[in-house]
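Please consult the sequence and structure shown below while reading.

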Amino acid sequence: MNLLFAIDDNVTQQLMTTLLSIKINSSAEKYSVYVIQDKKLRETEKIKSFCQKLGMHYHPVIIEDDQFDSAPTTDRYPKTIYYRLLAYKYLTKNVKRILYLDIDILVINDLKPLYSLDLKDYWYAAASHTSLDVTDDLNKLRLGNYEAESYYNSGVILMDLMAIREHVKAEDIFSYINKRGRTLLLPDQDILNGLYGQNIMKISDEIYNYDARMNPFYFAKSNGAWNIDWVIDNTAILHFCGRDKPWRPEYKERFSGLYKHYQHRAKNINKIISL
């Protein structure tokens, strides 16, 4: 299983927490962890050692160009968020499929069914959270892509790199940024949807991209079926979207204790005898 992350020095512990949750709860025999970064991470050796202890192979991917220097960024959306869009440029050609994950994610059930998904003629697979709100048509209007089935969250993306290498071009992305830069609210996510939304296979968010902020809405949408027991038994990916993050001491939302449990185990990896 090829896993892709794009991070900076501020979230290395969060990366390790996510990796531990994947190792404990997924059934793949081998894992290759590709981490895109602006420059070599300060805790590279710690990450490498951590991966070795989990039986994972760590592959740092250091970006040495300035292609996204003029792209819209904020403290919440650093330049590294764009790297997933052109990941195929920085990965070796023998990597044909990869699963991109944000680091504010906890995996609590097997990722293998998602990773093994038949993409058919799609280039990507991703989940939409628009069933929880009413912004779908507004996003299509804002981004100018009426062919897309929905507006997709870019925190979990299964990528067919063979198709992407053939069709996705850097100049198209830069042109889109120049044309719509001021209208991009969630820059990389907007670009993904605006340019390639019609090439994304829709997957279930309640399984593969459960927005941890939206418990009441999931519960209501399912007429009470998707309660916490259902989530623990069925959901593969908990995504802690938004500004409030579960590694912060003040975070008290549902699943905060679950995240802090994995965080604690990741910090004490040397005490884990077997997984």
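## Cavities

In this predicted model, the count comes to two cavities of 30 Å³ or more. The second largest cavity holds about 30 Å³ of space.

The residues that line the second largest cavity are Arg84, Leu85, Leu86, Ala87, Tyr88, Tyr124, Met159, Leu161 and Ile164. Two elements, helix H3 (87-90) and helix H6 (161-167), each give two or more residues to this lining.

## Helix H7

Helix H7 covers residues 170-180, and its buried residues are Ala170, Ile173, Tyr176 and Ile177. Why do they line one face of the helix? Seen down the axis of H7, the buried residues fall within an arc of 130°, so they line one face. An α-helix has 3.6 residues a turn, so residues three or four places apart point the same way. On the other side of H7, the residues Glu171, Asn178 and Lys179 are exposed.

Strand S4 comprises residues 97-101 and is mostly covered, with four of its five residues buried.

Which way does S4 pair with strand S1, parallel or antiparallel? Strand S1 (residues 2-6) pairs with S4 in the parallel sense, over two bridges, and Leu4 stands opposite Tyr100 of S4. With strand S7 (residues 156-160), S4 pairs in the antiparallel sense over five bridges. Here Leu101 stands opposite Val156 in S7.

Conventions. Residues are numbered from 1 along each chain as its sequence is written. This is a predicted model: local features need pLDDT of at least 70, side-chain atom pairs count only at pLDDT 80 or more; totals for chains, interfaces and linings use all residues. Side-chain values use heavy atoms; hydrogens and water are left out. On a 1 Å grid over the protein atoms alone, a cavity is a set of points where a 1.4 Å probe fits but cannot get out, and a pocket is an open set with protein on both sides within 12 Å along at least five of seven lines; lining residues have an atom within 4 Å of a point. Grid points are joined across faces, edges and corners, and a volume is the space filled by probe spheres set on the points. Buried means under 20% relative accessible area, exposed over 50%, partly exposed in between (1.4 Å probe, protein chains only). The arc is that of the directions from the helix axis to the C-beta atoms. Two strands pair if DSSP finds at least two bridges between them.
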